[in-house]
Amino acid sequence: MDVPPYCKNFKVLGCHLNSFACKCVVLAVTALVIRAVLLPTFSIFDGTEQDNLVFIGNLSLSFGQKSGIRKDKFLEVPQIVWGLNNQKIAFARACLTARLLNRTLLMPSLSASLFYKEVELLEPISFDKVFQFKKFNSLCNGFVQLGELSDVRNRTGAFELQKGSGRRWTPERDMDQLKQHNEDPYNEYEVIQIVGKNPFLWHDHWPVKDYAKIFECMVLVDEIMNEADKVVSRIREIGAAQVSSRKEFAQIGISPAENSVVQPVPYVAVHMRIEIDWMIHCKKLEQRSNITQICSSKEEIMERVGNIVGLKTPVVVYLAIADSLLHDPSILNGWKEGLIPFEKKKLGVEGNYKKFSYLIQSAIDYEVCLRADVFVGNSFSTFSNLIVLDRTQKLLRTGVTSSCGVDVRWPSYAYNILGESKGPQRWMTNMSGSSLQAISYGSNDISCRV
């Protein structure tokens, strides 16, 4: 059979092709050449930048996202307010809204002070004074993007998007509004500025895993981490002194040599919510929801922590409590033998905290509780919930998906729910949740499985 002239080169290379096969090869090569010339080249790996996009490979894009996160289009949100963990949730929700709109989130202001009604008294603090800006973008590269005001070319041409409110503003209406503003002509605006209520109060459209990803990217600045290091070191130092004899080291399975070289002395952290305003709030919540396992008295917390199965004593118990309770000596009395309670005043670190604003103090306490060998909190507390979420992520990275009846590292418990042997209920975050509502507003539906 004759071979067409344009296939002769294949014969020279030792390719014996019939006419049909040769034509197929030529067409395929031609198509590849045209594609290389006419289409832009980019990588599908997570976080590869090309022009003004951050391309996302194995992460599913929200509706309307055609190529990736645009770095030349921005979303601006109101100042983020309330407690540390409410602010973390609000920030994550703003990030996920920006991702849905295929925009970079302009770095928002957080609130250093805690005021619920006196908005004019709120003290703004930049995000990068609390969390590492570059680290955030590095860890979340390809998922969400944080920008600075200096990145905006035209600061006067922002489009104001008014968030709806009230009972008639349903999640469906909220999503419809976001869809509408992800299309032209709104797509042409360099900045969309959302005005209205705090992002914590926005409707939640995202699964727990998306929030967890963003929380992992929120690394505290070195100054705060160093202060947390000092507190943890002080706790472990006191713990070592309390179990300094050979007999006591043997009781917790650590030899003196091992302790000084390899293994730090363990400690328990208890997020103790018994201050007056919390008790008023939780009692009302129990009445509205017809649930009795929300509030816990000081005595109930002490008893249940003392009944944790397998807890080796003596052990230092760090009490993360409100400042109003620091001058109440009864907080340190009544604990089971072998549990040695300390709060920041007794530790001698109260002055370290007082140097900082309310928000930074909360961040230090959060880190101290997060690093504890055992954590015990209230399942209706946002602070406790986010700590358990972080600790669940740590367990998952080690391959552990359940703490039920297993001697796992970093166990967490909810003291407001009765568990094994009259102790607190073991607790892991349900990472398959479709929204963060349970964490935002509390839940007694917890378990020791992910």
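Asn 352 is in contact with Glu 227 and Lys 230, leaving aside its neighbours within four places in sequence. The model is predicted. Its count of disulfides comes to two. One joins Cys 140 to Cys 217, and another joins Cys 282 to Cys 295.

**Around Asn 352**

- Asn 352 sits in helix 13, which covers residues 350-354.
- Asn 352 counts as partly exposed, at 21% relative accessibility.
- Buried means under 20% relative accessible area, so the 21% of Asn 352 makes this residue partly exposed.
- Val 231 is 121 residues from Asn 352 in sequence. In space, the C-alpha atoms of Asn 352 and Val 231 are 8.7 Å apart.

**Disulfide Cys 140 to Cys 217**

- The S to S distance between Cys 140 and Cys 217 is 2.2 Å. A disulfide needs cysteine sulfur atoms within 2.5 Å, so this pair qualifies.
- The link of Cys 140 and Cys 217 is right-handed, with 95° about the S-S bond.
- Cys 140 lies in the loop between helix 4 (133-139) and strand 8 (146-147). Cys 217 belongs to helix 6 (residues 208-217), so the pair ties together parts that are 77 residues apart in sequence.
- Cys 140 is buried, at a relative accessible area of 0%.
- Cys 217 also counts as buried, with 1% relative accessibility.

**Disulfide Cys 282 to Cys 295**

- Here the S to S distance is 1.9 Å, between Cys 282 and Cys 295.
- The torsion about the S-S bond of Cys 282 and Cys 295 is about 125°, so this disulfide is right-handed.
- Cys 282 is in helix 10 (residues 276-289). Cys 295 is in the loop between helix 10 and helix 11 (298-306). The two cysteines, Cys 282 and Cys 295, are 13 residues apart.
- Cys 282 has a relative accessible area of 0% and is buried.
- Cys 295 has 11% relative accessibility and counts as buried.

**Other cysteines**

- For Cys 95, the closest cysteine sulfur is in Cys 140. The sulfur of Cys 95 is 7.0 Å away from that atom, too far for a bond. The cut-off is 2.5 Å.
- Cys 95 is buried, with a relative accessible area of 2%.
- Cys 369 counts as buried, at 0% relative accessibility.

Note on methods
Residues numbered from 1 in each chain as written. Predicted model: local features only at pLDDT ≥ 70, side-chain atom pairs only at ≥ 80, totals over all residues. Heavy atoms only, no water. Helix = DSSP H or I, 4+ residues; strand = E, 2+ residues; numbered from the N terminus. Buried < 20%, exposed > 50% of the residue type's maximum accessible area, 1.4 Å probe, protein only. Contact = heavy atoms within 4.5 Å.
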